[in-house]
Amino acid sequence: MSDVKVKQAPIALTEGAIKALNQIKKDQNISEDHGLRVGVKGGGCSGFSYKLGFDLPKENDQVYEVSGIKILMEKAHGIYLLGMEIDWEEGLNNRGFSFNNPNATDTCGCGTSFSA
């Protein structure tokens with residue numbers, strides 16, 4: 001695994017997302033060895049869906065830091081995620097992480113699936 005920190009992460013986290021992620025780490029007692037894995041996988045209504053969860057670094061990961069949160073990402077996923085913003089929504093109809101991805105050509109109603 002590369003320990004090189006890249007200055008500019010390909011994604012951004014809003015203040016709400018940072019607060020929610022830090023609370024999840026605390027509530028679930030997630031160690032500092034873990035980072036937030038951000039990626040894509042085939043599937044979902046529109047062709048791709050997002051992967052988001054705490055994980056240990058793997059050999060081919062690129063490692064970034066965004067506002068004190070270690071981000072883990074496979075290099076091949078960067079083309080789909082470059083410029084994406086992850087937010088936390090706390091509303092009556094929707095509560096959870098949302099993804100604002102400028103690379104998505106189409107999204108589904110649930111907001112977790114996209115095509116590029």
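These legends accompany close-up views of one predicted model. Local features need pLDDT of at least 70, side-chain atom pairs count only at pLDDT 80 or more, and totals for chains, interfaces and linings use all residues. Residues are numbered from 1 along each chain as its sequence is written, and side-chain values use heavy atoms, leaving out hydrogens and water.

**View 1. The chain has two helices and 10 strands.** Helices (H or I, at least four residues) and strands (E, at least two) are DSSP runs, numbered from the N terminus. Their order from that end is β-β-α-β-β-β-β-α-β-β-β-β. Of the 116 residues, 35% are buried (under 20% relative accessible area; exposed is over 50%, partly exposed in between; 1.4 Å probe, protein chains only).

**View 2. The largest nonpolar core holds 19 residues.** Such a core is a set of buried Ala, Val, Leu, Ile, Met, Phe, Trp, Tyr and Cys residues joined through side-chain atoms within 4.5 Å. Ile11, Leu13, Val38, Ile71, Leu81, Met84 and Ile86 touch the most other members. Elements that each supply at least two residues include helix H1 (15–27) and strand E3 (35–42).

**View 3. Ile71 has contacts beyond its sequence neighbours.** Contact means heavy atoms within 4.5 Å. Leaving aside neighbours within four places, Ile71 contacts Ile11, Leu13, Leu36, Val38, Gln62, Val63, Tyr64 and Val66.

**View 4. Asn29 and Ser67 sit in loops.** Asn29 lies between H1 and E3. Its phi is near 50°, a positive value. Ser67 lies between E5 and E6, with a positive phi of about 50°. Most residues other than glycine have a negative phi. Asn29 is exposed at 69% relative accessibility; Ser67 is exposed at 55%.
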